[in-house]
Amino acid sequence: MTGSVNKPGFPLTYCVGAAVLLLAITLFVSGCVGNDSPEERRTISVTGSTTVLPVGQAAADAYMDTHLYDEILVSGGGSGAGIKAVGEGTADIGMASRDIKAEEKQKYPNLVEHVIAVDGIALIVHPSNPVTTMTMDEIKAIYKGDITNWKDLGGEDRPIVPVGRDSASGTREFFYEAVMHKEEFVRTQQELNSNGAVKQTVAQTPDAIGYVGLGYLDNTVAAVTIDLNGDSVVPNIENIKNKSYPIARGLNMYTQGQPSGLVKEYLDFLMSVEGQRIVAEQGFVPVQ
Amino acid sequence: MHRMNDHSSSLSSPAGISRQKKESVITGIWLATALVAVITIILILGFLLKEGLPALLEIGLREFLFEEIWTPTSVEPSYGILSLIIGTILVTLGAMVIAVPLGIGSAIFIAEIAPRSVREAIKPAIELLAGIPSVVYGFFGLVVLTNWLRITFDLSSGATWLAGSIILGIMALPTIISVSEDAITSVPQEYRAASLALGATRWQTIIGVIIPAALSGITAAVILGMGRAIGETMAVLMVTGNAAIIPDPLWNILSPVRTLTATLGIEMGEVAIGSTHYHALFAIALVLLLIALIINLSATVILGRIRNAQMGTGKTPFLSHEVKGKVKTVCLWLACILLIGVLTVISGLSGALLLIGAIGAYLLIQRIITPKITEKIAFGMITAATGLVLFTLFVILFDIVSNGLSAITWEFLTEGPRDLGRSGGIFPAIVGTIYLVVGAIAIALPIGVGAAIYLNEYTIEGKMTKIIRTGNDLLNGTPSIVFGLFGFAFLVIFVGLGVSLLAGQITLALMVLPTIIRTSEEALKSVPDSLRHGSLALGATRWHTISRVVLPAAAPGILTGTILSIGRAAGETAPLLFTAVVFSKRFLPDSVFEPVMALPYHLFILATNVPGADTQKYGTALVLLILVTGIYAVAVLMRKHAQNTVRW
Amino acid sequence: MKQQDNALETKALNLYYGSAQALIDVDIQIPKNQVTALIGPSGCGKSTLLRCFNRMNDLIPDCTISGSILYHGEEITGRSTDVVELRKRIGMVFQQPNPFPKSIYENVIYGPKVHGVRDRKQLDEIAEKSLKGAAIWEEVRERLHDAARGLSGGQQQRLCIARTLSVGPDIILMDEPCSALDPIATAKIENLITELKDEYTVVIVTHNMQQAARVSDYTGFMYMGRLIEFDSTPVIFEKPKEELTENYITGRFG
């Protein structure tokens, strides 16, 4: 197996190899154990849904402006990742744009839910699209694949390009329940992994329809007014607050047991008048 | 021990023995480094199996692999990944169809045709392409490419298989070009001289001698590029539309598709831990790894064949030369007929006739025109291919620079972010990225070069090297998102590093390790044996020979690998997502156990979840680009220095 | 020698690598169907001169020449010269055996294929003829499709000669063809060179003076970029006119 040149040292070679590896692994593991954070600074980490991240970050910024020795680290990798991180203890707070699932509850039974905001979901089309009002049934029919041409809704004779969120997204799951009533999406639906990407796609695709959080509405897309038995309901904060807009869901934060210390202070801040003002600023609907 | 002659020490003196021991110790160290890749891949495989197996057991292997419908969150979920597998294969194939001719063409241009000054300008420029973060590619694809496709082909949506293939093709290009170019450059000058002296044109020399002689390096380049394409997540999921369908008909390149990596990328973050869906995603990662393994293994076989055929070390071929020739002819005809058949189905009779006409015209022209004209045409096409690559680079750079320049202010570069990055700056992210990249390279470079030294210098081909190579190939084919998940499960939770700089550095290091090993090995291989023998014959020890003679000679090639790795490490989001990054951080990290900000992640969040941060988004991309360019510039200068000092 | 046709002739040939002059006013006449040897110490310009004849110096950036080189009376230094055709007629064998990493057969037919021969039968004939011409046919006829790099050094060099013959040149330039070979292989090549002169004009650069004496009809001695002396081989080795030549021949320097 080895060249004759190093035959005399052959077994030694392997011994040393094993030893070096072992040493490296030991060093590596032991290096990680003595890992304690500085006393004077309190640090917590908040991670999870990228939808909730803007609220979490903005609130953390505001909180840290008045509490100079506290550090709140916010990151986003997804609702599931957030719940896992808080469940496994690698984060102090997990953010989720959906409710905790049965499997997760079973795995991490101690998680406590805090609803910090409500997110309205608006249907959006290209600004040039003449179709700006739909009923809930029509929306469902589009995403089911029953209506495939804009002319059936009084628009031009062009195919509809339904754009949705990926199958794991909390937004999509909510849409699936609230709009689709758990009937299947058409399989040609394009699936994108963020509100930003959906908005971007709809903004540059004249035949597309998509759904995004309220905070993403701007003049590059047109929000669809929903026709509820003759009442036209525009997606805006007011209509969500008075519950007349039908597609809205809660944004959650999870903690391991009841919060205490900086975690509690941070969550309390979020629920305070100041905190809820930040929620509104980020385009979400306050819960208080 | 009696003295044989007047020499002051005998041939088996204690000094000699201790020298031998020292050599063994050094060999052991290299063996250990070579095993890092193997151990990592075993850990990853084990981890994927552990998490993926429950899904396979519940769903059933056959249903999982051969069912077409993927609706994991429905009331009656279906977990068939056939459409995803096909999507992955199609997008990768498409990317290769684009990247291989363009890449090899550009490599030929750089190595053989371009004047020295042009070469020295183009080479780093193309390596820069590798440094553009995948998020930027994805964003460019989403905003510019899909829109262009939609308008050009009058589609209702430009998010298609074609868009995915183009983006992945562009992303695979730098790897293919750099590694092929190295392979072509290392073809001995004597071959060129011999061919030209026979009266061959330069083009005939390139096609007839140089490319065949560099074939193993070029194949390695294509595999590396393919590894990059197949494992890419962030860019591909932004442009392919992600509809989990099989294109209808199968060759409809304007159909949306969804790849295995995109499925992981978009669903992994959100999925409920412990659910069937969660386990099914790990099973998908496993399937992805297996696909990568199959590609790599077949490539290894091909590579072995090529080397044997060239060096005359192989066994007698299974088929005699005559039979092989006949088989080749038959295959060629079959392929032609198949192609014409497919064309007929797609575009009717006219398309097929056109193709037949084209082939006929080509054959006719080949007889009429002189080799000189052929050379002119070929060089023209190759120059055009390089031009196209550079143009693409220019378009992407222009997009980033023109949109990002207005964001660059002193404040932007030196302050922390405020208002979710809509104002303030990105200083902590710049520092974080530098820490991450430097740390990752500091870990991966010694291990990678050590492994390459072990493979190339300290051992002959055998079971051990085969295992190490396979491990390395597998690691190369592992998608970055899997590294992220592995980093989270192993480093962050199991080892207990927490979400930290160190966890991110190690994850990135493991990710770039295969590239470093592969390119370092190629570099070591290209050092002529006469150099080694010259040193050994002087009584130098093996290690002395390697450190003083071989490594300096191989340094330029090793640096190329490092450069590619820096680009990759700096631009990656997926492996950091769960291991190292936070969105905003007030203080710079005091130790490697704290999390950091990173530019690609910052960009990712700005692009996807912070409305109203367009300028900052492009500004971040621009800074990332400038940063990578800066690190590149240093590495390129180092390579140049090494090239100038080493000659043989 | 005056009555003979000259295969190659240079007039006031000067060659520069950048600003360094490598050939100074070289005037040489290479007679047809004879073996001409170029000898001289390392760096004297003999290889450079050889490479002028088939324009291999074109490959070296910033290499410039002045003066003229005539091939059968035709100027070949100009831009209009068809270098490809020239190299087809003036073959070259290099110092290191450099077969391509292909099979023996593919090595020999590479040249003809490059020049447009497609017919399999014709290629087979050329291969056999060239390999016979290079006195290697008997050794490789059974293994034509094995890799050429698997041959011994001497066989590789003869294969390279066969490869050169395959395109039908009338002049063969040899750049120290035996310096990498053992005495037996060298002897074979030397015999071959003697046989080749019936059909070809051979110009050989060599370090080995005995070799020059053994194989060549004419010898040129070069020193510091100049052609010091050129005459028939016996004259050069037995009664050279120049003192420099004599010193070199007798081993007093170089």
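## A walk through chains C, A and B

Start by selecting chain C: of its contacts with a separation of 6 or more, 69% are between residues 24 or more positions apart (a contact means C-beta atoms, placed from the backbone, within 7 Å). What you have open is a predicted model, where local features need pLDDT of at least 70, side-chain atom pairs count only at pLDDT 80 or more, and totals for chains, interfaces and linings use all residues. Residues are numbered from 1 along each chain as its sequence is written, while chains are lettered from A and ligands numbered from 1 in the order in which they are written.

Stay on chain C and colour by secondary structure: you get ten helices and ten strands (DSSP runs, H or I of at least four residues for helices, E of at least two for strands, numbered from the N terminus). The radius of gyration of chain C is 18 Å, close to the 18 Å that the globule rule gives for 254 residues, so chain C is as compact as a globular protein of that length (taken over C-alpha atoms; the rule is 2.2 Å times the number of residues to the power 0.38).

Now colour chain A by pLDDT, the predictor's confidence in each residue from 0 to 100. The average is 84, with 86% of the residues at 70 or above.

Last stop: B:Gly241, in the loop between helix H10 (236-239) and helix H11 (260-267) of chain B. Beyond four places in sequence, B:Gly241 touches A:Gln190, B:Ser157, B:Ala159, B:Thr160 and B:Pro256.

How values were computed
Contact = placed C-beta atoms within 7 Å.
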